[in-house]
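Work through the exercises below with the sequence and the model open. Each task is followed by a solution in steps.

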Amino acid sequence: MKIIFLDIDGVLQPEYSQQRFSHNLEQLKHDMALTNISFSQLDKYDLGAVYYDWDPETVNLLRLLCEQESARIVISSSWRETRTQECMVALFNIHGLGEYVYDMVPFARERSINRETEIAEYLVSYSELIRKYVIIDDLALNFDRCDIQRCFVRCSQSFSEENFNKAKMLLSD
């Protein structure tokens with residue numbers, strides 16, 4: 001299996017994007033619940049962030065990467081700290097990406113464990129299953145193992161075409 005370890009803030013949602021706060025989020029939630037009842041269970045701010053703030057071009061590049069490489073998404077974003085996988089799938093479904101969400105990296109509640117360690121532990125736990133992977137994040141992650149660091153794609157504003165090309169190269173057979 002090919003895996004994309006995915007951050008959200010700074011990758012799908014540019015840091016400067018706060019469009020949701022200029023919209024009626026109660027109305028958005030109501031309207032979205034009419035199309036899919038699962039949206040009625042979601043937080044209106046989460047719905048607004050995904051609907052208004054996720055960059056459409058970035059979302060399309062991620063979809064293209066998943067389609068072309070038959071890759072699945074494992075969420076490594078801080079969003080996993082307060083949301084269930086079911087919630088994340090529903091949110092990704094707003095952009096037609098829910099089918100690609102495979103899992104979430106378990107969140108370590110201990111402050112001494114960082115995202116790099118969580119991802120490295122996930123890779124060890126699922127080594128039999130994962131054939132290739134890429135880590136997409138806006139943070140300057142630093143992995144102890146060179147083989148993991150080599151698979152890291154850092155986004156400066158959001159997931160760009162340049163980031164897409166590097167991720168595609170890392171996932172290609």
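**Exercise 1: the nonpolar cores**

The largest nonpolar core has 42 residues, and those with the most contacts inside it are Ile4, Leu6, Leu91, Phe92, Ile136 and Phe159. A nonpolar core is a set of buried Ala, Val, Leu, Ile, Met, Phe, Trp, Tyr and Cys residues joined through side-chain atoms within 4.5 Å. Buried means under 20% relative accessible area, exposed over 50%, and partly exposed in between (1.4 Å probe, protein chains only). The model is predicted: local features need pLDDT of at least 70, side-chain atom pairs count only at pLDDT 80 or more, and totals for chains, interfaces and linings use all residues. Residues are numbered from 1 along each chain as its sequence is written, and side-chain values use heavy atoms, with hydrogens and water left out.

Task: list what phenylalanine 92 is in contact with, leaving aside neighbours within four places in sequence.

Solution.
- Step 1. Contact means heavy atoms within 4.5 Å.
- Step 2. Phenylalanine 92 then has Leu6, Ile8, Leu12, Trp54, Ile73, Ile75, Leu97, Gly98 and Val101 as partners.
- Step 3. A second, separate core of 15 residues includes Ile3, Phe5, Tyr122 and Ile135.

**Exercise 2: helix H1 and helix H2**

Task: find which residues of H1 are buried, and at what angle H1 and H2 pack.

Solution.
- Step 1. Helices (H or I, at least four residues) and strands (E, at least two) are DSSP runs, numbered from the N terminus.
- Step 2. In H1 (residues 25–35), the buried residues are Leu25, Leu28, Met32 and Ala33. They lie on the same side of H1, because they cover an arc of only 130° around the axis. The arc is taken over the directions from the helix axis to the C-beta atoms.
- Step 3. These buried residues pack against H2 (44–53).
- Step 4. The angle between H1 and H2 is about 80°, with the axes 9 Å apart. That makes H1 roughly perpendicular to H2, a label for angles of 65 to 115 degrees. Axes are lines fitted to C-alpha atoms, for helices over the stretch in contact, and angles run from 0 to 180 degrees between N-to-C directions.

**Exercise 3: helix H5 and glutamate 118**

Task: locate the buried face of H5, then name the side chain with which that of glutamate 118 makes a polar contact.

Solution.
- Step 1. Arg115, Glu116, Glu118, Ile119, Tyr122 and Leu123 are buried in H5 (residues 115–125). Seen down the axis of H5, they fall within an arc of 165°, so they line one face of the helix.
- Step 2. The face turned away from the buried side carries the exposed residues Val124 and Ser125.
- Step 3. Glutamate 118 counts as buried because its relative accessibility is 6%.
- Step 4. The side chain of glutamate 118 makes a polar contact with that of arginine 80 (2.4 Å). A polar contact is a pair of N or O atoms within 3.5 Å; within protein, one must be able to donate a hydrogen and the other to accept it, and residues adjacent in sequence count only if both atoms are side-chain atoms.

**Exercise 4: aspartate 137**

Task: is aspartate 137 buried or exposed, and which side chain does its own side chain contact?

Solution.
- Step 1. Aspartate 137 lies in strand S4 (residues 132–137).
- Step 2. Aspartate 137 counts as buried, because its relative accessibility is 0%.
- Step 3. Its side chain makes a polar contact with the side chain of arginine 115 (2.5 Å).

How values were computed: Parallel < 35°, antiparallel > 145°, perpendicular 65-115°, else oblique.
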